[in-house]
Each structure stands twice: as C-alpha cells, then as structure tokens.
Amino acid sequence: MRRLLIISLLLLVGLGMLYAQPKPKEIGLAEAREMALANNPEYLSSLAALNAARWNKTGAISAFMPSLSLSGTMLYMDPATTVTTGGGQVQLNNDQRSLSLNLSQPLFVGGKLYQAYKISAVSLEMQELAVRSQRLDLIREVESKYYDLRFLISAHHLAVDERDRAQSNLELAELKKQSGLISNADYLRFKAAKANKDVAVIQTETAMNLANKDFCNFLGSEENLWPAEYMRTGEPARVIDIDDSWLPALIAKAQKMASASNPTLQTLDKSLELSRRAEKIAGGSFMPTLMLTGSRQYKENGIDRYEFEASNQIMLNLSVPILPQVGNYAALKKAQYDSEKARYEARSATDGINLGVEAAVLNLASSARQALSTKLSYDATWEMVEQLTERYNLQMISPSEYLDAELMESAAGLANLNAHNNYLKARLELLIALGADDYTVLDSLIEETRN
C-alpha cells in the first residue's frame, strides 16, 4: 500500500511538471515568412542598401543644377603695399578683406552628367531587384525549413504510433507464448521489433528537436515555435498531376513568365544597360566641355577699411581635349570590351535560368507523380496490413509474415510523407524560379495550361 502511494505521488508530481511547462507556440507559414523578413539581417541590409541607392540617385540630380558659393578672404601684408600715384606715394593698409559670390553652371560635359544620372537610376532599379531576390531567397529558405520540420514532426508521430502498436503486439505475443501458441523465437522477434521502434522514436525525436531549434534560430525567435499544421499519414495529398501532353506548354509558359518577373533575369538586363552607359561615358572623354561661371566680388580699396567696392565677372569657358588621348582611347576600348563581355555573360546566364525553370517544372511533374504513387502504395499497404492483422489474430499466418507486413507499412508510410514533402518543396522551387511568392500565381498557370 505504501509503495502504491509513493508511485501515485510521483505520477502526480510528473503530471504537474508537465502541465507547468510552457506550451509551444504554433506559427503558420505566412507568419513565419513575415517574422523572417522582419528579423533576417541580410534582408535588412539589402533594405538599407536600397535607401542608400535612392539617395545616390537624388545626389546625381544635383550635378545638373548650378552651384553657388560664398567665400571670404582676409589678407595681412608686412610691409604694407605702397602705391605710386600722381600725388606721390600712398601706403595701403596692412590688412585687406574681400568677399565673393560665385555661380557655376555646367552647360555641356560630353554627356557625362546625364549618363551618370541614368547609371544611378539603373543602380537603384538593380538594388530594388536585389531586395526582391533576397526576399525570394529568404522565403525559399524559411518555407523549406518549415516543410522539413513539419515532415519530421509527422515522421515522429508515425514512429510513436508504430512503437505503441509494437508494444501492444509484444504484450499479445507474451500472452501467446505463455499459452504455447508461438515459439520463443517468434516472441523474440516481437521483442526486437519493439526495440527497433524505440530506437526510431528516439532518432526522429532528436531530428525533430534539432530542426525545430534551427527553425527558431532562423526566424530570430526566442520562443519555441512549431508549424501550425502537421502532415499526418493517411491525409489526402493535394497534388496536381501534370500530364505529359501539356507538359511542354507548361514549360514554355513558365519560361515566358520567368523572363518577365524573375529578378535575376531582370538584373541581367540592367547590368547590360549599365555597361552600355559606361561605354558612353568613356566616349564622352573626347567631347568638349562648356561651363558658364559668374561672380560678384566685394573688395576693399586698401585705404578705407570696411568700404567695399563691387565688381562682376561672367565667363563662358570652353575646353576641348587635344593631347594626350591615349588614356581616353584605352578607357573607351576597355568599356567596349566590358560591354561585350557583359552581353555574353548575360546570354549564358539567361540560358541557365531558362534551363533551371524547365528543370523546376520537370521536377514538379516528377514529384507529383511520386506523391500520388506513394499515396496509392501506402493505402494499399495499409489495407493489406489490416487484413493480415486479422489473419494473424486467427492464427492463419506466421508472426514472421505479420512482422514483414508491418515493416512494409512503416516504409510505405515514411515514403508517403517524404514524397509529399518533396512535392511541396518542388512547388516552392518553381514558384521562386518564376519570380513570385504567391502560390495562386503557380496554380493559375497550371490550371490555365491544363484547360
């Protein structure tokens, strides 16, 4: 009686500690996206670079505007300057002051100012594309971690269910052994199966906890976050089968959509424009420059202190480069070859991206078929195991046959989870390759092509 009381108290204490622990917080996929975007330092750095590019463009506009400056000078001379006049020699003041207001306006500088402004505008557009690309990469990573964690949670649930069933089988086998219905060797098989299921539970739990820690660290959260939805074996997989008859049309439409919205392809176009404008700036080195300057100066006459005399000056300055031109010519040729190099690199990169889009479509089609096939295989295996379980209970099959069937069901269940997870990640990869972050875009593309 005393022993029973102690065990009951220990159970109560254990349950109290269990319920005292904070429950993990559930988080949806959309919320995980927003948290990652709000906390990821690389994405925040790209936003700061975007603001810097905006101000750089604003600064480039000022090059077209006139510049106005105010300057002052105080000059002390020892000995003082002596000036000879008709009335004799006059000694000026040792100290003299002057003020000047200078205005400068560039009229023509070989197109350099305009090209510099356009380069800053293109650089701003490229930085906007870089932010968008960084956002898509971040979404890919957070969703991939989300799917992997959800898969491991489901795999752990599957392992726990199989462990519980193995425990029930072991208890039943022990009764049958005592009744002489099965041999000791068969009983040891059930015992080994139970031990293997225990190991599987430990392994899946460890992998699940590590993935959860990695997921929380990536989101920058100190809370224990878990996916709001779990993939469970037996749930119908929402998989769209892609038929071979309209697969080429889907590839063509996906490549067309990617060419219009993929930030990497758009960045390549902007880099080509940058190289062309750099070539024009290098060509502008051979052009003349025309500057308009004006000034108004207030200067003491050297005799009366703080009595200033005003004078105006307007100057139109034309400068034509003549010699040496070797450096300018070399800079022009370098810019031309850089532009040619950028064109070839853009062509190669474009081919690679189009190939990547095609590979993403093919991978989605393949993963969809695998997910559908493994689902059918799991359903058939589950039904077979149910029938074999009844036959085993009726002593119509041997324990070895029953354990082999359970092993097949375990493999089929894990394959079903893995195939569904691969399908979700294949959809994600194609979505990112299209330059989109909304799955309705991908679903609409597939439905439009299929119909």
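**Entry: salt bridges**

I started with E143 and R33, whose side chains meet in a salt bridge at 2.5 Å, N to O. The pair links distant parts of the chain, with E143 in helix α4 and R33 in helix α2, 110 residues apart. I note that this is a predicted model. Is E143 buried or exposed? E143 counts as buried, at 0% relative accessibility. R33 counts as buried too, at 13%.

Next I looked up D186 and R189, a salt bridge of 2.3 Å, N to O. These two sit 3 residues apart in helix α5, so about one helical turn separates them. D186 is buried, with a relative accessible area of 14%. R189 is partly exposed, at 39%.

I then checked K253 and E448, which meet at 3.7 Å, N to O. K253 lies in helix α6 and E448 in helix α10, 195 residues apart. K253 is partly exposed at 31%, and E448 is exposed at 53%.

I also found a network of salt bridges that links D95, R97, E300 and R305. My count of salt bridges is 25.

**Entry: helix α10**

E448 took me to helix α10, which covers residues 439-450. The helix has 12 residues and reaches 17 Å from its first C-alpha to its last, close to the 16 Å expected. Which residues of α10 are buried? I list Y439, L442, L445, I446 and T449.

**Entry: aromatic rings**

I count 6 aromatic pairs. One of them is F190 with Y392, tilted, at 5.9 Å centre to centre and 40 degrees between the planes. F190 lies in helix α5 and Y392 in helix α8, so the pair ties together parts 202 residues apart in sequence. Both F190 and Y392 are buried.

F190 also pairs with Y402: the centres are 6.5 Å apart and the planes at 35 degrees, so this pair is tilted. Y402 lies in helix α9, so its pair with F190 of helix α5 ties together parts 212 residues apart. F190 has a relative accessible area of 2%. Y402 counts as buried at 3%.

Elsewhere I saw Y146, Y147 and F215 linked by ring pairs into a cluster.

**Entry: charges over rings**

What lies over the face of Y392? K176 does, at 3.8 Å from the ring centre. R97, which I had noted in the salt-bridge network, lies over the face of Y306, at 4.5 Å from the ring centre.

Note on methods
Residues numbered from 1 in each chain as written. Predicted model: local features only at pLDDT ≥ 70, side-chain atom pairs only at ≥ 80, totals over all residues. Heavy atoms only, no water. Helix = DSSP H or I, 4+ residues; strand = E, 2+ residues; numbered from the N terminus. Expected span 1.5 Å × (residues − 1). Buried < 20%, exposed > 50% of the residue type's maximum accessible area, 1.4 Å probe, protein only. Phe/Tyr/Trp six-rings, centres within 6.5 Å; stacked < 30°, edge-to-face > 60°. Lys NZ or Arg CZ within 6 Å of the ring centre and 35° of its normal. Salt bridge = Lys/Arg side-chain N within 4 Å of Asp/Glu carboxyl O.
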